[in-house]
Amino acid sequence: MVAPSPYSLIATDLDGTLLRGDDTLSDRSLAALARAGRAGARHLVVTGRPAPRVRPLLDDLGCTGLAVCGQGAQVYDAGADRLLWSVTLDRELAETALGKIEAEVGQVYAAVDQDGVDGLTLIEPGYLMPHPTLPALRVARRDDLWCAPISKVLLRHHTLSDDELAAIARSVVGSLATVTMSGPGTVELQPCGVTKATGLALAADHLGLSSAQAIAFGDMPNDIPMFEWAAHGVAMANAHPELKAVADEITTSNEDDGIAVVLERLFD
């Protein structure tokens, strides 16, 4: 018999959190999530990856429900393979924001995630994918990035650290976009006001659940809004210092099944 838990909603980031470094899910983590599910808890993936890049992982999880994708810009119904909700980043605003950033730091290299369940990831010359296992299509020039609606822009700089690039971007972008840092080599521009928390709140409301019932797991600063929304935020041992500073608890690393460690305690 699984003991009752105060949390009926489990929100997990993917990269650096639920996934191991090789993009796989451990048997222990899968078993812990299944045990929580048998106790009545709902698991929601809340990730920066766009919906098309999440589908194979949702299959591995056996998820046919909702997932929050694209840093909160998409609420995806895995069972129906459709977006229940999505918001796009205005492409003219994105170009303006890039111009402001480059006026401060020199050339940056950009990529975009297109909107939709079949949207592509496009990368301009010079951009290197932080996750080489994720599919991307290289285009000939930056103008080609704007050929279809987008959910976000990804940025890299040849010398600045992610923290430095994100800080400068925030200082010049203003209300043109929300700036997030979601992983090594991943500074992003997304629609203004959109965060993991806004997407998670929409998904939770759809399920009839509230923030008071939620526990969230993450590893990067883009998870801070999710921690602020949820009743309890758990940072991985490998998490960025900014996230650890606002976490209610720190577990072991993603390589050491940090999510399972907590869930096994809660659903014992």
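**Close-up 1. Helices H4 and H5 make a right-handed crossing.** In this view of the predicted model, helix H4 (residues 91–105) meets helix H5 (residues 162–173). Helices here are DSSP runs of H or I with at least four residues, strands are runs of E with at least two, and both are numbered from the N terminus. The two axes come within 9 Å and cross at roughly 120 degrees, so H4 and H5 are oblique to each other. Axes are lines fitted to C-alpha atoms, for helices over the stretch in contact, and angles run from 0 to 180 degrees between N-to-C directions. Angles under 35 degrees count as roughly parallel, over 145 as roughly antiparallel, 65 to 115 as roughly perpendicular, and the rest as oblique.

**Close-up 2. Ten names to look for where H4 touches H5.** From H4 come Ala 97, Lys 100, Ile 101, Glu 104 and Val 105, while H5 brings Leu 165, Ile 168, Ala 169, Val 172 and Val 173. Contact means heavy atoms within 4.5 Å. Sorted by kind, the residues of this contact are 8 nonpolar, no polar and 2 charged. Ala, Val, Leu, Ile, Met, Phe, Trp, Tyr, Cys and Pro count as nonpolar, Asp, Glu, Lys and Arg as charged, and the others, Gly among them, as polar. As a reminder about helices, an α-helix has 3.6 residues a turn, so residues three or four places apart point the same way.

Close-up 3. Two strands pair if DSSP finds at least two bridges between them. Strand E9 (residues 150–156) and strand E11 (residues 186–190) run antiparallel and are joined by 3 bridges; Val 153 stands opposite Leu 189 in E11.

**Close-up 4. Another open sheet has 8 strands and mixed pairing.** Follow it in the order E5-E4-E3-E2-E1-E12-E13-E14. The edge strands, each pairing on one side only, are strand E5 (82–86) and strand E14 (249–250). Strand E4 (residues 74–77) pairs with E5 in the antiparallel sense over 4 bridges, and Asp 77 stands opposite Arg 82 in E5. Helix H9 (residues 258–266) packs on this sheet, touching strand E1 (9–12), strand E12 (214–218), strand E13 (232–235) and E14. The direction of H9 makes about 160 degrees with that of E12.

**Close-up 5. Strand E12 is largely enclosed by the rest of the structure, since 5 of its 5 residues are buried.** Buried means under 20% relative accessible area, exposed over 50%, and partly exposed in between (1.4 Å probe, protein chains only). Ala 214, Ala 216 and Gly 218 point one way from E12, and Ile 215 and Phe 217 the other way. E12 pairs in the parallel sense with E1 over 4 bridges, and with E13 in the parallel sense over 4 bridges. Leu 9 stands opposite Ala 214, while Ala 216 has Gly 233 of E13 as its bridge partner. The buried residues of H9, including Ile 259, Val 262 and Leu 263, pack against E12 among other elements.

**Close-up 6. Pro 221 sits in the loop between E12 and helix H7 (224–229).** Its relative accessibility is 8%, so Pro 221 counts as buried. Pro 221 and Met 181 are 40 residues apart in sequence and 5.9 Å apart in space, C-alpha to C-alpha. Not counting residues up to four places away in sequence, Pro 221 touches Met 181, His 240 and Glu 242.

**Close-up 7. Gln 71 has a positive phi, and so does Asp 81.** Most residues other than glycine have a negative phi. Gln 71, with phi near 65 degrees, is in the loop between strand E3 (66–69) and E4 and is buried, with a relative accessible area of 1%. Asp 81, with phi of about 50 degrees, lies in the loop between E4 and E5 and is partly exposed at 34%.

**Notes.** Residues are numbered from 1 along each chain as its sequence is written, and side-chain values use heavy atoms, leaving out hydrogens and water. Because this is a predicted model, local features need pLDDT of at least 70 and side-chain atom pairs count only at pLDDT 80 or more, while totals for chains, interfaces and linings use all residues.

Notes:
A crossing is left-handed if the near helix is turned anticlockwise from the far one by less than a right angle, and right-handed if clockwise.
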